[in-house]
4 protein chains.
Amino acid sequence: MKLTAQAAGTFAIAPTPFHDDGRIDDKSIDRLTDFYAEVGCDGVTVLGILGEAPKMDAAEAQQVATRFIKRAKTMQTIVGVSAPGFASMRALARASMDAGAAGVMIAPPPSLRTDDQIVNYFKQAEEAIGDDIPWVLQDYPLTLSVIFTPAVIRKIVMDSKSCVMLKHEDWPGLEKITTLRNFQKDGSLRPMSILCGNGGTFLDFEMERGADGAMTGYAFPELLIDVVKLSKAGKRDAAHDLFDAHLPLIRYEQQPGAGLAVRKYVLHKRGVIASSAQRKPGAGITATAKAEVDYLLSRVARVDKRANFQPQSSAAG
Amino acid sequence: MKLTAQAAGTFAIAPTPFHDDGRIDDKSIDRLTDFYAEVGCDGVTVLGILGEAPKMDAAEAQQVATRFIKRAKTMQTIVGVSAPGFASMRALARASMDAGAAGVMIAPPPSLRTDDQIVNYFKQAEEAIGDDIPWVLQDYPLTLSVIFTPAVIRKIVMDSKSCVMLKHEDWPGLEKITTLRNFQKDGSLRPMSILCGNGGTFLDFEMERGADGAMTGYAFPELLIDVVKLSKAGKRDAAHDLFDAHLPLIRYEQQPGAGLAVRKYVLHKRGVIASSAQRKPGAGITATAKAEVDYLLSRVARVDKRANFQPQSSAAG
Amino acid sequence: MKLTAQAAGTFAIAPTPFHDDGRIDDKSIDRLTDFYAEVGCDGVTVLGILGEAPKMDAAEAQQVATRFIKRAKTMQTIVGVSAPGFASMRALARASMDAGAAGVMIAPPPSLRTDDQIVNYFKQAEEAIGDDIPWVLQDYPLTLSVIFTPAVIRKIVMDSKSCVMLKHEDWPGLEKITTLRNFQKDGSLRPMSILCGNGGTFLDFEMERGADGAMTGYAFPELLIDVVKLSKAGKRDAAHDLFDAHLPLIRYEQQPGAGLAVRKYVLHKRGVIASSAQRKPGAGITATAKAEVDYLLSRVARVDKRANFQPQSSAAG
Amino acid sequence: MKLTAQAAGTFAIAPTPFHDDGRIDDKSIDRLTDFYAEVGCDGVTVLGILGEAPKMDAAEAQQVATRFIKRAKTMQTIVGVSAPGFASMRALARASMDAGAAGVMIAPPPSLRTDDQIVNYFKQAEEAIGDDIPWVLQDYPLTLSVIFTPAVIRKIVMDSKSCVMLKHEDWPGLEKITTLRNFQKDGSLRPMSILCGNGGTFLDFEMERGADGAMTGYAFPELLIDVVKLSKAGKRDAAHDLFDAHLPLIRYEQQPGAGLAVRKYVLHKRGVIASSAQRKPGAGITATAKAEVDYLLSRVARVDKRANFQPQSSAAG
């Protein structure tokens, strides 16, 4: 089932599980996918920035995407196809859709500066992959160093019928959601899904501003799912109460570069992936940091019992 | 009293209060300074990035610094003297010390890239202001786009006897504190104060990693003071409990660019400054954002009664 | 006489002469200004990037600008007033105009990224200095890292009646001149002067594309003047012949950072300034580089006798 | 024959020939390779920045590299293997060496900032490709935005025995060559080849500073070859005379982004490649620019008869 502008809920951004020696860990891919399905994710996004996508060669990227897609079954899978050039982008996009992906996600190359450069890039990207593939626009200035104004996003979306979703992770970003939703009210922007990233750091208010859900890699997707649902149900205080209990850990995970090590550590601790290893170049996690995460987990567990799990192995991570 | 490497506790980063028409608001400077003293700050840092320093001309900058310094009395005042050139830096530094400042703070210009460029810049800066002025090294890559390795910080500090403090706001930054403290343990780095910024977002763990305190602009310096004290007293859970209650607001204030508007809004609401106006170019705060801040304040107030104040005026901000 | 959109010819970008100990050298300012007048420059631009403007404090900048303006007499003087904030920009702009400047030049701060940010910045800048001051827009991406599309330049110019000139130094930049001139032909852009920088590296073709002249710091302004005149007279081959004889030296001078040292060395050698010293932080020039410049001068002199001068002193520079 | 630290002479940086519809043009690869051999190049470097490498997918890159390598016969072929990740870098490097390449070239990713980050990256790169592959370090800050100090280059080279060459295109870069050669004189740096890029803009003096030759894409490799030889033979004036005749065109070709279109236009005009097409996103060349290049060629031809060729087809480019 292809991605549409009505997509909503929680899409987990999946890390790519590796063995300690750097080989791709297929069994952990399966377990991770099952985990996302079991906790109730609506979709999974693979080969994103968090997924160490550039560290894989073309054949590996295709293999990983396919493994996730096949295992995801009823969950929609979005494949990150950002690449330095359109030929590679197209190859991965077509292969992913052939394997059953719901859509693809495209981030801008860091060299783009002017509004026109940005708009033209995505026009060419859509042309490259083909306009039959639903795609997600990733707006993540902190890491990608490309700044989209709301008007530029509107232009991209209005230029490309197959752009169905914004992965929103500008910072600050709350007013941007409001502006885009106002564009839709005044009829200048067609409907599109807005799912939020940034590790969930502003999910509480993003939902209130009109987001459709979350698309991020927090190691407790359960929390994202609950906040999205509570917020949609109008249970504001309950949404914030739960969110606030997790925020200290969310904040800890959202450290640039270091965050992936924390996430893999927690997912490993939860028994979901067999190793927290990253491919080079990658950040490690010190014993002190592990202890800090453990302490944060114990504090979350006071409010959210799901954080009260036992380490998978004594030599975690 | 001049700043030393033993400095500790909480230094508030002061915004510069303006009238609605952009003129400097001297009375609000006085009230703001008194407020910091009353809640128990150990010092105040003026003309920092938060303080809209570049928006003032040379005469105004000197006037603002002097007003704060004179009013601060027993509190130590640090003056941000970062400038595009050393002549301006020297002029403000000498004038500030003559007026009674405890020290100055220097941030690197964004053009610095290599380790040598960074080290040489601070050597020349110290030479420019004179080695009799204690100074604070500001390490703030997110905004300044200059990346200091721990070894580069060590080199700068060992090259300059008058560098007595690191304003630490790298992100991630916890391991950096540990590395610097280890340098001191192994004798390769002399003692220096480390005060932490980033709006306080990681103050809970920064204290545990060995920081001496906080230097940041959170609109509730009381929280910074308490967390610093509780952490130093070894009351870990109590420190985190209080910190966590404020974290949703801390996070909201720490939005790049937008944060200053939030801080001025809260300080205005607290009755400390007469207007939340910024000089151009400046970010505003929408009605929706104000309502979000009000909601966050009401939630903080459930745990910390000090957040339970009434708005100063009905036309706040 | 104020700068207008009809300005044309050659405006020399003046370095700021310093004594070896870093003090401003007033007598060399006089001699340099006289030199520019004698060779036939139409104007002089001071306190630009080449002029080490940020290395002076506010009082010094005003003093240097005034000295040049008073001495320039019939030549028009443009003062660079770019500053990190509008208060400083306004102070220098008003003081310069009071002293008799023809106009001011404004470069964008490096943080500007989107089209809207750029357009808004210059709207606020015009508002800050007052709309009675003719100003020059500096488009220099290599150094300033801000990228103006032709449409953005048009918007800035159409928004501000007092913007009368573009200092054009984009790279590549030839098509940009053509596009802007076409905007004027189709009536969407009002008349404005375009003077070219980049050390003159593309002056031969820039004139053919429609530029009105040169505004740059090549140490032989005579060459710029001649090429501008020959090109306007339709003597294409003669213009290129003279230009090509100088290009090896033009290219050598146009090395980022290092170029200023070369220019001051040549101007010193020509007897125009007393010292080639720069304020810190500044680049020096090695003995090998001096010998290379001397060799290039000797080669230029085979075609252009004016390059056949004797060193001012044996211990030049 | 593998690349060694004794490599010298002229290595042409080859563009990748495409058909008008974007397909790889194998016959033009053959003709281009033969052309380089016939004029006397010592080697050819493929899939560099000029070669539109990122626009090809993994299979295409391997195909292009192999085609060049097989055709080059006695000429050494260097393959650019820069990639966002080490898995892709390794795959292309191993495949290229298996096909008979002499070595590979590695450029840094733009995210590298501190000296340690740079040094570690190349340590990991060497580990990734295997230490049996001779490799070239590309130092090109203008495009890659990574700044290598001479000491960092020394560290990289001393850390990796298989690094045999520096592709030098820093700007300014003359003093850097001198510094590196001095490192070798004082014994702190082992012998390595230095070949110069930047379109040849400073080749005249780079040779005098100690470079071993040229590695760049100027559409007249004959000029590079001659300047290298004349300079090595100590015929300084002759080298400069020939160089200066070409400099106006060299400068025109060296426009960032636009330069490739000029080179492909000239190579097409010379009858070497069948089309001047670039893959998207690519810069075009206007009729005015073509006329400017034609004029420059006619001027070069007054001194260097080899520039006096007739267009290959009336519908050039």
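## Reading a predicted model, step by step

Analyst: Let's start at one spot: C:Pro281 lies in the loop between helix H11 (258–269) and helix H12 (287–303) of chain C. Keep in mind that we are looking at a predicted model.

User: Thanks! Is the peptide bond joining C:Lys280 and C:Pro281 cis or trans?

Analyst: The general idea first: most peptide bonds are trans. Here, the bond joining C:Lys280 and C:Pro281 is cis, with an omega of about -10°. Chain C also has a cis bond from C:Trp171 to C:Pro172, where omega is near 5°. Look for C:Pro172 in the loop between strand E6 (163–168) and helix H7 (174–185) of chain C.

User: What about phi? What value does A:Glu52 have?

Analyst: In general, most residues other than glycine have a negative phi. A:Glu52 is not a glycine, and yet its phi is positive, about 55°. You can find A:Glu52 in the loop between strand E2 (43–46) and helix H2 (58–72) of chain A.

User: Now for helices. At what angle do the axes of H1 and H2 of chain D cross?

Analyst: Two packed helices are described by the angle between their axes and the distance between the axes. In chain D, the axes of helix H1 (residues 26–39) and helix H2 (residues 58–72) cross at roughly 40° and come within 9 Å. H1(D) and H2(D) are therefore oblique to each other. The crossing in which H1(D) passes H2(D) is right-handed.

User: Which residues make that contact?

Analyst: On the H1(D) side they include D:Ile29 and D:Leu32, and on the H2(D) side they include D:Val64 and D:Phe68. By class, the contact has five nonpolar, two polar and five charged residues. Among the contributors are D:Asp30 of H1(D) and D:Arg67 of H2(D).

User: How do I compare whole chains? What rotation superposes chain B on chain C?

Analyst: Two copies of a chain are related by a rotation about an axis and a shift along it. For chain B and chain C, the rotation is 180° and the shift along the axis is 0.0 Å, with an RMSD of 0.0 Å. The two copies are thus related as by a two-fold rotation axis. The C-alpha of chain B nearest that axis belongs to B:Ala58, 3.3 Å away. Both copies use the same surface, as 100% of the contact residues of chain B recur in chain C.

User: Last one: where does pLDDT stay under 50 in chain A?

Analyst: Over residues 311–317, a stretch for which the model has eleven contacts beyond four places in sequence. Chain A averages a pLDDT of 96, and 97% of its residues score at least 70. The model as such scores ipTM 0.96 and pTM 0.96.

Methods
Residues numbered from 1 in each chain as written. Chains lettered and ligands numbered in written order. Predicted model: local features only at pLDDT ≥ 70, side-chain atom pairs only at ≥ 80, totals over all residues. Heavy atoms only, no water. Least-squares fit on C-alpha atoms with pLDDT ≥ 70 in both. Contact = heavy atoms within 4.5 Å. Axes fitted to C-alpha atoms, helices over the stretch in contact; angles between N-to-C directions. Helix = DSSP H or I, 4+ residues; strand = E, 2+ residues; numbered from the N terminus. Parallel < 35°, antiparallel > 145°, perpendicular 65-115°, else oblique. Left-handed = near helix turned anticlockwise from the far one by under 90°. Nonpolar A, V, L, I, M, F, W, Y, C, P; charged D, E, K, R; others polar. pLDDT = per-residue confidence, 0-100.
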